[in-house]
Amino acid sequence: MTVESVSRQLQRALTHLAWEAEEQIDYISRLAVAPDELALEFDDAFRVASGMVSEGILPETLREFLAPIDELLTEMTHSALDEWSVDSLSHSSAWNCLRRLATDALPHLDFGDESGSE
């Protein structure tokens, strides 16, 4: 994958996590998937980006914005609460925190110049 394609994939995943609950519900309804699809989109992008950070292709600073999202998603997966229901998108404090973290991370995806690629 190229830096640009990883950036687009991350931007798309973070945008979906940053959306308000109504937008997220509409999105997953159109795709006919469960809320965990939002987490899976992020996970796919995060794993590739994390590897690229480790290889020095992407800036290390990217990790500080993405790791808390990954950690929270992991906590949600292991939570005794049902964080993966449609209702939780509207009422869960974890989802509200994810929205804030994703919103904060989005401006830091413009790393094309820092990575040494064209």
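Predicted model: local features only at pLDDT ≥ 70, side-chain atom pairs only at ≥ 80, totals over all residues.
Local features were considered at pLDDT of at least 70 and side-chain atom pairs only at pLDDT 80 or more, whereas totals for chains, interfaces and linings use all residues. Residues are numbered from 1 along each chain as its sequence is written, and side-chain values rest on heavy atoms, with hydrogens and water left out.

Secondary-structure elements are DSSP runs numbered from the N terminus (helices, H or I, at least four residues; strands, E, at least two). In helix α2 (residues 21–31), the buried positions are Ala 21, Gln 24, Tyr 27 and Ile 28, where buried denotes under 20% relative accessible area, exposed over 50% and partly exposed the range in between (1.4 Å probe, protein chains only). These four residues lie on the same side of α2, because they cover an arc of only 125 degrees around the axis; the arc is that of the directions from the helix axis to the C-beta atoms. The buried residues of α2 pack against α1 (3–18), α3 (36–54), α5 and α6, contact being defined by heavy atoms within 4.5 Å. Ala 32 follows α2 and is placed in the loop between α2 and α3. Although not a glycine, Ala 32 has a positive phi of about 60 degrees, and its relative accessibility of 69% classes it as exposed.

Rings of Phe, Tyr and Trp (its six-membered ring) were paired if their centres lie within 6.5 Å, with planes under 30 degrees apart counted as stacked, over 60 as edge-to-face and the rest as tilted. Trp 19 and Tyr 27 form an edge-to-face pair, because their planes stand at 75 degrees, with ring centres 5.3 Å apart. Tyr 27 has a relative accessible area of 11% and is therefore buried. Trp 84 and Trp 95 are likewise edge-to-face, at 5.7 Å centre to centre and 85 degrees between the planes. This pair links distant parts of the chain, as Trp 84 belongs to the loop between α4 (61–78) and α5 (86–91) and Trp 95, 11 residues apart from it, to helix α6 (residues 93–105). With a relative accessible area of 0%, Trp 95 is buried.

The largest nonpolar core contains 33 residues, of which Leu 10, Leu 14, Phe 42, Leu 58, Leu 62, Leu 66 and Ile 69 touch the most other members. Such a core is a set of buried Ala, Val, Leu, Ile, Met, Phe, Trp, Tyr and Cys residues joined through side-chain atoms within 4.5 Å. At least two residues of this core come from each of α1, α2, α3, α4 and α6, and α3 gives the most, with eight residues.

The largest pocket has a volume of about 150 Å³, and the largest cavity about 40 Å³. On a 1 Å grid over the protein atoms alone, a cavity is a set of points where a 1.4 Å probe fits but cannot get out, and a pocket is an open set with protein on both sides within 12 Å along at least five of seven lines; lining residues have an atom within 4 Å of a point. Grid points are joined across faces, edges and corners, and a volume is the space filled by probe spheres set on the points. Residues lining the pocket include Asp 36, Phe 42, Arg 47, Asp 70 and Trp 84, and α3 supplies the largest share, six residues. The lining of the largest cavity comprises Phe 46, Ala 49, Ser 50, Val 53, Leu 62, Arg 63 and Leu 66.
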